[in-house]
Amino acid sequence: MKNTQQNIEARKDEFLNNLVELLKIPSVSADSKHDKDTRDCANWVKNSMNKIGLSNIQLFETPGHPIVFGEVIINNSLPTVLVYGHYDVQPADPIELWTSPPFEPVIKDNKIYARGAADDKGQFYMYFAALKCMIEANEVPCNIKVLIEGEEEVGSVNLENFVNNNLELLSNDVILISDTHMLSNEDPSITAGLKGLAYMEVEITGPNRDLHSGTYGGSVANPINTLCKMIASLTNEDNQITIPEFYDKVLEVSPEHRAEMARAPFDLEEYKQSIDIEKEQGEKGYSTPERLGIRPTLDVNGIWGGYTGEGAKTVLPSKAFAKISMRLVPDQNSLDISEIFKKHFEKIAPKSVKVKVSVHHGGEPAVTDLNSKGYEAASQAMEKTFGKKPIPVRQGGSIPIVSFFEKALKTNTILMGFGLNSDAIHSPNEHYGLFNFYKGIETIPYFFQYFSEK
Ligand code: BES
Ligand code: MN
Ligand code: MN
């Protein structure tokens, strides 16, 4: 990998410039106003694959945003790595909280600021950079397939079908993804588990129209008051979730494993400071890293209804709404939990209101086999470039396609992310450290090398 590393060194500025270009494209998958931009981004990815020298490059249409594929096949007797990433990004709002416009990347304090900088454009582009240099140096040690999709942030709704219809094209010995974060730049880590997701939307209806809150107030159920009480009842004073059967399938983690996890460095004071809170909060009996990594959670993601404009309007609203999501751990199942939630939420609604519960996209949890060849290769690669053996850490985020890939393609997924928790993904002022960007590019070729040697 010597020539590869020299090529990387020589092309550092070029790669950063390319990333800037990529980050300028507002590929917001959730917002149909950006459909054309999202397609432009898919084409950018396709052209970029062409420039780095991949073959069999294809842009696949889906009912939603396109999927882009390319590969470098050296020899069918060598192992094959499938790299996955996503070119779509989260919406940028609230725009007014950005210190520079989200799609006009700026470099400040050795970080690049833009929507998608860390999630996931900056991370998947590291593979393009690494591949360019490996191909140029004639140092590609195995077959490499690259799949970049445009719907991860909206639940990868069309990817499952695509995978089922292209099992041969995507066949591999291991799947490699950089779309997660490390403990810190000094404490490299590998994501050893991701949570699943069940995402619900609820609608509470009281009277058939908005009413005067004086002439009717106190005599009919206010759907917002009612919704708040219902939501409040979903957790108890120990911050446990009260939905019957919710915890039934949760695999308890052994005391030995918990003790081992507790050895990963975590600074609670720093954690609180970084988000400006006095006191952390979570399920009784578990530490903050455990709450994040191995326990299921429930959060309201949005709540609305009634009058929220300027000034005061005395209204007793007809309807109230909320989006409520639950993060799941092994062996909870997204559909089961959605059903359990629906049944419970309908049951706790008082007779004075009507309740409607609908289910959005979800996903299943995933855990990494720490004894697999893929994990070992990632661990060795990071040790090589960080000078320190990475620690396995379970994280609270979700990449729903991971468990599906493993089922359909029957191989392990390795989550070798280079971001940081502080990158502000999904938030205003998202950024990615240049250290992380270049470290990723440097590390990736070693993964391929070590994996092929196993
Ligand atoms: N890259 C994230 C997931 C992530 C972030 C995992 C940090 C671990 C650490 C991904 O793009 C994401 O945001 N996923 C969504 C999934 C949802 C849209 C189905 C999530 O976790 O909310
Ligand atoms: Mn992501
Ligand atoms: Mn994301």
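**Figure 1. Salt bridge between E9 and K12 in the predicted model.** The side chains of E9 and K12 meet at 4.0 Å, N to O, in a salt bridge, a term used for a side-chain nitrogen of Lys or Arg within 4 Å of a carboxyl oxygen of Asp or Glu. E9 is exposed at a relative accessible area of 52%, whereas K12, at 26%, is partly exposed; buried means under 20% relative accessible area, exposed over 50%, and partly exposed in between, with a 1.4 Å probe and protein chains only. Side chains of opposite charge can pair when their charged atoms come close. A search of the whole structure finds 21 salt bridges. The model is predicted, so that local features need pLDDT of at least 70 and side-chain atom pairs count only at pLDDT 80 or more, while totals for chains, interfaces and linings use all residues. Residues are numbered from 1 along each chain as its sequence is written, chains are lettered from A and ligands numbered from 1 in the order in which they are written, and side-chain values use heavy atoms, with hydrogens and water left out.

**Figure 2. Salt bridge between E203 and K319.** In this view the side chains of E203 and K319 form a salt bridge at 2.7 Å, N to O. The pair links distant parts of the chain, 116 residues apart, with E203 in strand 10 (residues 196-205) and K319 in strand 14 (residues 319-328); strands (E, at least two residues) and helices (H or I, at least four residues) are DSSP runs, numbered from the N terminus. E203 counts as buried, at 18% relative accessibility, while K319 is partly exposed, with a relative accessible area of 31%.

**Figure 3. Salt-bridge network of E269, K272, K279 and E280.** These four residues, E269, K272, K279 and E280, are linked in a network of salt bridges. Within the view, the side chains of K272 and E280 meet at 4.0 Å, N to O, and both K272 and E280 are buried.

**Figure 4. Surroundings of ligand 1.** Ligand 1 is surrounded by 18 residues, of which the closest are E152, D179, R327, S398 and H426; a residue is counted here if one of its heavy atoms lies within 4 Å of the molecule. The shell divides into five nonpolar, eight polar and five charged residues, where Ala, Val, Leu, Ile, Met, Phe, Trp, Tyr, Cys and Pro count as nonpolar, Asp, Glu, Lys and Arg as charged, and the others, Gly among them, as polar. Because domain 1 (2-194 + 365-453) and domain 2 (196-250 + 296-363) both give residues to this shell, ligand 1 lies between them; the domain bounds come from an automatic or database domain assignment.

Figure 5. D179 is found in the loop between strand 7 (174-177) and strand 8 (181-182) and is buried, with a relative accessible area of 12%.

**Figure 6. S372 and the backbone of D369.** S372 is placed in the loop between strand 16 (366-367) and helix 11 (373-386), and at 5% relative accessibility it counts as buried. The side chain of S372 reaches the backbone oxygen of D369 at 2.8 Å.

Key. Polar contact = N/O pair within 3.5 Å; in protein donor to acceptor, adjacent residues only side chain to side chain.
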